[in-house]
Amino acid sequence: NSKDASRGAEKLLDTMIDKCKSGDLDGSPDAVTYNSVMSAYAKQGDVVGAQKVLDRMQMDYDTGNKAAKPTIRSYSVLIDCWAKSNRPDAPRGAEKLLNTMIDKNKSGELDEGPDAVTYNSLVQAWKSSRLPQGPHRIQELEKQMEILF
């Protein structure tokens, strides 16, 4: 089951971090490692689990593991997770994350800004919602994508 898979992936990440700290393993988890664990949570729409992994990734990066720097993929995986979550607040959560990406890109914290994959996941979050402003917001996002891409 996918819940077991995501928990198993996070346990492997925990083991890897422990072994790195103890010196039993050379290197540290990198962005690909963290993104893979986030993807396991995203497949089941577990926003809390995926966000927790992104937070760990950011903390690992902030404490010196430069290989753990969050990437556009990290944020796009989480936006996709919001889209799959079926939560009533999914579009707003995904939009908030998009704005975080834009801000981090402008400040230089994120090397790339949102791409077509990111925007398509956001559109999907709005399509899946039953919010009355959904169709209008989708049109706005599609116009933005025409300009950007």
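**Ground rules.** I worked from a predicted model, in which local features need pLDDT of at least 70 and side-chain atom pairs count only at pLDDT 80 or more, while totals for chains, interfaces and linings use all residues. Residues are numbered from 1 along each chain as its sequence is written, and side-chain values use heavy atoms, with hydrogens and water left out.

**Salt bridges.** I searched the whole structure and found 9 salt bridges, each being a side-chain nitrogen of Lys or Arg within 4 Å of a carboxyl oxygen of Asp or Glu. I looked up the pair of glutamate 10 and arginine 56, whose side chains meet with N to O at 3.1 Å. Helices here are DSSP runs of H or I with at least four residues, numbered from the N terminus. I noted that glutamate 10 counts as buried at 8% relative accessibility, where buried means under 20% relative accessible area, exposed over 50% and partly exposed in between, with a 1.4 Å probe and protein chains only.

I then turned to aspartate 111 and lysine 69, whose side chains meet in a salt bridge at 3.2 Å, N to O. This pair links distant parts of the chain, with aspartate 111 in the loop between α5 (90-107) and α6 (116-128) and lysine 69 in the loop between α3 and α4 (72-84), 42 residues apart. Aspartate 111 is exposed, with a relative accessible area of 63%.

For arginine 87 I found a salt bridge with aspartate 89, the closest N and O atoms being 3.0 Å apart. Arginine 87 is partly exposed at 31%, and aspartate 89 is partly exposed at 31%. I also recorded that salt bridges with shared partners join Glu10, Asp14, Lys52 and Arg56 into one network.

**Packing of α1 and α2.** I read the angle between α1 and helix α2 (residues 31-43) as about 160°, with the axes 8 Å apart; axes are lines fitted to C-alpha atoms, for helices over the stretch in contact, and angles run from 0 to 180 degrees between N-to-C directions. The two helices are therefore roughly antiparallel, a label for angles over 145 degrees. Residues making the contact (heavy atoms within 4.5 Å) include Glu10, Leu13 and Met16 of α1 and Tyr34, Val37 and Tyr41 of α2.

**Packing of α2 and α3.** I found that the axes of α2 and α3 come within 8 Å and cross at roughly 165°, and these helices are therefore roughly antiparallel to each other. On the α2 side the contact includes Tyr34, Val37 and Tyr41, and on the α3 side Val53, Arg56 and Met57 are among the residues met.

**Two single residues.** I looked up serine 39, which lies in helix α2 and counts as buried at 16% relative accessibility. Leaving aside neighbours within four places in sequence, serine 39 is in contact with Arg73 and Val77. Leucine 25 has its place in the loop between α1 and α2 and is partly exposed, with a relative accessible area of 33%. Not counting residues up to four places away in sequence, leucine 25 touches Met16, Lys19 and Cys20.

How values were computed: Angles under 35 degrees count as roughly parallel, over 145 as roughly antiparallel, 65 to 115 as roughly perpendicular and the rest as oblique.
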